[in-house]
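Please read this briefing alongside the sequence and the 3D view.

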Amino acid sequence: QVQLVESGGGLVQPGGSLRLSCAASGSIFSINTMGWYRQARGKQRELVATLTASGGTNYADSVKGRFTISRDDAKNTVFLQMSSLKPEDTAVYYCNADLILKGSYLLRNYWGQGTQVTVSS
């Protein structure tokens, strides 16, 4: 019923930038919080940044000042602008959304399939 599709990952040198996108599609009535999480090899998945429908943001301390989350509600899309990338940012980045389906009043949580970001020289 709902798909979250990420794009924009890849290989970048330390200090470089990447912009991730995540588009939600399907029978969506409204989207509340959208966000990005990441999971490095051998580590647990962790929050990177979230953005509520009212504009409230939350960032992991490790990315504050380097990453910026934004969204285009008309396109049900969330972005993550990543700058000053470090090797420790290497991970699979997952999109996440809390949304309500058409014909429902329940808030449901969905994940994307993930996109690899590798920061290496």
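A salt bridge is taken here as a side-chain nitrogen of Lys or Arg within 4 Å of a carboxyl oxygen of Asp or Glu. This is a predicted model, in which local features need pLDDT of at least 70 and side-chain atom pairs count only at pLDDT 80 or more, while totals for chains, interfaces and linings use all residues. Residues are numbered from 1 along each chain as its sequence is written, and side-chain values use heavy atoms, with hydrogens and water left out. By this definition, the structure holds five salt bridges.

**R71 and D73**
- R71 pairs with D73 in a salt bridge whose closest N and O atoms are 2.7 Å apart.
- R71 is buried, at 17% relative accessible area, whereas D73 is partly exposed, at 46%; buried means under 20% relative accessible area, exposed over 50%, and partly exposed in between (1.4 Å probe, protein chains only).

**The network**
- Salt bridges that share partners join R38, E46, R66 and D89 into one network.

**D89 and R38**
- The side chains of D89 and R38 meet in a salt bridge, at 2.9 Å from N to O.
- This pair links distant parts of the chain, 51 residues apart, with D89 in the loop between β8 (77–82) and β9 (91–101) and R38 in strand β4 (residues 28–39); strands (E, at least two residues) are DSSP runs, numbered from the N terminus.
- D89 counts as buried because its relative accessibility is 1%, and R38 counts as buried at 5%.

**K64 and D61**
- K64 forms a salt bridge with D61, in which the closest N and O atoms lie 3.1 Å apart.
- D61 is exposed, with a relative accessible area of 65%.

Key: Helix = DSSP H or I, 4+ residues; strand = E, 2+ residues; numbered from the N terminus.
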